[in-house]
Amino acid sequence: MKASLNELKTKLPLPATEKWKEGVWDIEALAHGTMSVIYFAPRGNDYQTTHEQDEIYFVIAGSATFNRNGEPIPCEVGDVLFVPAEMPHKFETISDDFATWAVFYGPKGGEQKERE
């Protein structure tokens, strides 16, 4: 399996929706079993809600502030972010060139409770 970043970029944005008024800025790149890889490059605001699976973000362009359960976390190219299933999160203060791979995996509800 292979996903082409350049090809995925040409397909965005997808048409606007009630929730994503600036257009939908994510597209599935790969999927296998419980794993799904999404190319996510939000423009404007990030309206995402919680997810049923654990999620890892790999920042591949630009910068943003990642709001993880109310905690602001600056992020930039090369950073990796983890979000357990069902935890509120979104990107804020998003640069015009921001992009990330988002990897969803595991069972609904997450693999295990996060350690403090």
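In what order do the five strands of the open sheet run? The order is E1-E2-E8-E3-E6, with antiparallel pairing; strands are DSSP runs of at least two residues, numbered from the N terminus, and two of them pair if DSSP finds at least two bridges between them. This is a predicted model, where local features need pLDDT of at least 70 and side-chain atom pairs count only at pLDDT 80 or more, while totals for chains, interfaces and linings use all residues. Residues are numbered from 1 along each chain as its sequence is written, and side-chain values use heavy atoms, with hydrogens and water left out.

**Strand pairs**
- E1 and E2 run antiparallel, joined by six bridges, and Asp 26 has Phe 40 in E2 as its bridge partner.
- Their hairpin has two residues between the strands, and Gly 33 there takes a positive phi near 60 degrees.
- Five bridges link E2 (35-40) to antiparallel E8 (99-105), with Val 37 opposite Val 103 in E8.

**Asp 54**
- Asp 54 belongs to strand E3 (54-61).
- Asp 54 is buried (under 20% relative accessible area, 1.4 Å probe, protein chains only).
- A polar atom of its side chain lies 3.0 Å from the backbone nitrogen of Glu 111.
- Leaving out residues up to four places away in sequence, Asp 54 touches several residues (heavy atoms within 4.5 Å), including Phe 82, Val 103 and Tyr 105.

Key:
Helix = DSSP H or I, 4+ residues; strand = E, 2+ residues; numbered from the N terminus. Buried < 20%, exposed > 50% of the residue type's maximum accessible area, 1.4 Å probe, protein only. Lys, Arg positive; Asp, Glu negative; His and termini not counted. Salt bridge = Lys/Arg side-chain N within 4 Å of Asp/Glu carboxyl O. Polar contact = N/O pair within 3.5 Å; in protein donor to acceptor, adjacent residues only side chain to side chain.
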